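We'll take a walk through both chains, one neighbourhood at a time.

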Amino acid sequence: MDPMQEILQMFFVECEEHLETLQEGLEVLKQRPDDIETVNTVFRAVHSIKGGSAAFGLGALVEFAHTFETTLDDVRSGRLSSSEDVVRTLLRSADVLNDLVTGARDGEEVDPERIAAQIASLVATSTGGAAAGKAEDAVAEAPAADVPQQRPAWATAAAEEPAAQRPAWATAPAEEAAGQRPAWATAETAEPEVVGYRIRFHPHASLFERCLEPARLLRELAEIGNLSIRCDISTVPSLDEIDPAEAYLSWEIEVTDAPSEAVLREVFDFVDGDCDLTIEMIGDDAEPEVDGVAEAAGPAVVVPVPAAAPVAAPEVVPVRKPVAKAAAPKPAEADAGGQQGGRGASATVRVDLDRVDRLINLVGELVINQAMLSQSVIESGLANSSAIAAGLDEFKHLTREVQESVLAIRAQPVKSLFQRMSRIVREAADATGKAVRFVTEGEMTEVDKTVIERLADPLTHMIRNAVDHGLERTEDREARGKSAEGTVRLTAEHRSGRVLIEITDDGAGINRERVQQIAVDKGLIPADAVLSNNEIDNLLFLPGFSTAKTVSDLSGRGVGMDVVKRSIASLGGRISISSQPGEGTCFSISLPLTLAILDGMIVTVASETVVVPLSAILEMLKPDPGQIHPLGGNETVVQVRGEFVPVIDVGHQLGFARARRDCREGVMLLIETSAGERRSLVVDAIQDQRQVVIKGLEGNYGEVSGIAAATILGDGRIALILDTDAIVADAARNSASRTTFALAG
Amino acid sequence: MTLTILAVDDSRTMRDLLRAALAPHGFDVQLANDGEHGLEVLETVDPDVIITDINMPKLDGFGFIKGVRERAELQRTPILVLTTESAPELKERARNAGATGWIVKPFDETKLVAAVRRVAG
């Protein structure tokens, strides 16, 4: 990758971190408005984003960041107090900044009107303080439909503002380039013929104190044009009187072929206050040089540039420590590994995700190999030797540990995900006009990176639902004696080898009568069905259940809880609901720690060994023949505690066996699909329950319906891992007759 | 002889950009994350020029420059500050703190190199 591209990509990664810090800091400011440290941190975050954006010429982003930074500077310097309204404006600005960064990274434009409105809001905040905040609230409370018409007065001003808002540094270079004509230059004609320039330069002692040396300046001039230099040594005292720190020399330099006076002046940029400097043009009609200074005292010395160095400024030669290049591994940045020059709070290494996945794959092979080795040793009878047995055991432990450690590399705290949810809550609260408090716990709980990414959509949906439907309107809450502010809690923790994520609201709870009615209306359950509370709650997960409001513009895509459940299931997780009328609702998600290994049931199906994901299995059945009822058309159902569950002959369906088997022999596995449908899979026998390493097949075979992946067992056999959802779907498609009633929960 | 530059900036992007701009010109660029880290690095590295940002956590640019100037062996080391504006007050403050010159962000590679050469040849 082109190095600039690489740095740009890294910049966007850095921006993510800054945006996180910004978000965090603003949340802290909500509680502690006077925390100076936090104000500074927040300022620096925006400042850094601005700096980098400017370097890469990301115009819109720079402009917004600059205005944002200005307002933050006002807070930082005490000109603006971080009241609730101000912090709210800052939070919204952080959201816009976030979108601008994402837009810049993905090449998508952010609505310019929205940006302009937020800029205006920031400017108004800086200049108007509380007044602006109230104007904003007025906008927020207006019903969504009215916003386009009700653009507040100050928003229209934004269109005119941009010109004034151009950051100072944007115009500065232009001003500098113009250069300054010396006061005495007579502006006779537009373009006097410039032959060259005459520079008179007399450094003061203070120039040396600032670590500057005339020699270097002369050298720089020499690179710009042709020089003819006179050095005036008239004031140099005798050797015994010389004070090394004093400045005794001055120079007169004639420059020809210089591009412009401005370029010459630039050379003296840093020495402005520490010298006497004049630069004048030498025109065609050059007067004979009147060098009063040189003639007054001793002979003028014309010195060629390089030799000027030894004659020039007395230099205090510093005692230098040997440059310890080899001995500076700490500050040095390693190239490939991408090590940060960090002895900061956390020493981290940035690694390509590809490398991590390759490592995980290799470790997976290692685990399989270890299992096979163990098996072979046991079968060969060698395991009777205690030394070998102990060795095998140790090997197994180590392998597992390596596997866990490697999988943990992909683990990240859910913090960034939870922070995104914070914004969702804000937006949902604004849109519905409700007051919502968002509480998180367990932000540092670590979850596999892919899991975090795939949780974003389901979580967003559930959080929005919690605010939209879960929480009552403020008036209703108060009427019921509840706090006006509703609370949404998002928590994460590790529990028994899995990750538990919960979304809880203290709203009205599930309206079970309404839910049941909707399900009946949509034909999902029979009108006279008698369901337990839990079964009613789970109706929400049925496909086709979406209530009308779910397809609101808040949720946008009209996804239902069934899609959420399917997403969770695809991650190997499960989701359940519990609810208390009048008190609230809780969604509980249980996820595996990693996607690379799977808890599975090893079973035999038509002489083939197959793995059924444990998360799909509800229980094992060994029904009496009397509980098995064949229906017409090759359909069979089995009676399980009063329920009739369709039976699927997996072996036949997958094509392992041509003949259909007698379902009365063999074992059945009661499974549940992610949509909540129950089926009973007939298998020959159950072998074992084990953790297996998932190996994908797509690379070699493409998608095969019913098969999710494969694994290699300890004895070297290959076992296919079943995709239970697909198997159920295929069976339904193939069946001649459909079951006459759907099942709830 | 290769000149050594110590660049101090809390933004990784800025550090990368500085190095990318200076290294091709034959400079040996050492990096530090913030003022505190910079002072640490200076225990073992003796740069010919120091380039530093102003806004940094832990120890900002001004504090860093002050710390540098307190060390006898570093009093003659030129220091350039990175500023986002050419505002005179900032330059004045930097100058008073002991800085030698400044570079305006976003920096122009040519100007950056010229500034470095101007103070460290």
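**A walk through chains B and A**

The buried residues of H4(B) pack against H3, strand E4 (79-83) and E5 of chain B. Before going on, some ground rules: this is a predicted model, where local features need pLDDT of at least 70 and side-chain atom pairs count only at pLDDT 80 or more, while totals for chains, interfaces and linings use all residues. Residues are numbered from 1 along each chain as its sequence is written, chains are lettered from A and ligands numbered from 1 in the order in which they are written, and side-chain values use heavy atoms, with hydrogens and water left out.

A few terms come up throughout. Helices (H or I, at least four residues) and strands (E, at least two) are DSSP runs, numbered from the N terminus. Buried means under 20% relative accessible area and exposed over 50%, with partly exposed in between (1.4 Å probe, protein chains only). Contact, which also covers packing and touching here, means heavy atoms within 4.5 Å.

Back to helix H4 of chain B, residues 88-97: its buried residues are B:Lys91, B:Ala94 and B:Arg95. They cover an arc of only 100 degrees around the axis, which puts them on the same side of H4(B); the arc is that of the directions from the helix axis to the C-beta atoms. The background is simple: an α-helix has 3.6 residues a turn, so residues three or four places apart point the same way. Turn to the other side of H4(B) and you find B:Glu89, B:Arg93 and B:Asn96 exposed. After the helix comes B:Gly98, with a positive phi near 115 degrees.

Take the contacts in chain B between residues at least 6 apart in sequence, and 63% of them join residues at least 24 apart. Chain B exposes about 4,100 Å², 49% of it supplied by carbon and sulfur atoms; accessible areas come from the Shrake-Rupley method with a 1.4 Å probe, and for residues only the protein chains shown count as cover.

Two backbone spots in chain B deserve a click. Most residues other than glycine have a negative phi, and most peptide bonds are trans. B:Lys58, in the loop between strand E3 (49-53) and helix H3 (61-69), has a positive phi of about 60 degrees although it is not a glycine. B:Lys58 is also exposed, at 54% relative accessible area. Then there is the cis peptide bond between B:Lys105 and B:Pro106, with omega about -5 degrees. B:Pro106 sits in the loop between strand E5 (101-104) and helix H5 (109-120) of chain B.

Over in chain A, go to helix H22 (residues 561-570), whose buried residues are A:Met561, A:Asp562, A:Val564, A:Lys565 and A:Ile568. Seen down the axis of H22(A), they fall within an arc of 160 degrees, so they line one face of the helix. That buried set packs against helix H18 (449-470) and strands E11 (574-580), E12 (584-592) and E19 (667-672) of chain A. H22(A) is followed by A:Gly572, which has a positive phi near 80 degrees.

For a view from the H18 side, pick A:Pro458, which is found in that helix. A:Pro458 counts as buried, at 4% relative accessibility. Leaving out residues up to four places away in sequence, A:Pro458 touches A:Val564, A:Ser567 and A:Ile568. A:Pro458 and A:Ile568 are 110 residues apart along the chain, yet their C-alpha atoms are separated by 7.8 Å.

A:Glu472 is buried, with 7% relative accessibility. Its side chain makes polar contacts with the side chains of A:Arg477, at 2.9 Å, and A:Lys482, at 2.7 Å. (A polar contact is a pair of N or O atoms within 3.5 Å; within protein, one must be able to donate a hydrogen and the other to accept it, and residues adjacent in sequence count only if both atoms are side-chain atoms.)

One last stop in chain A is A:Ala606, in the loop between strand E13 (597-605) and strand E14 (608-613). Phi of A:Ala606 is near 45 degrees, a positive value in a residue other than glycine.
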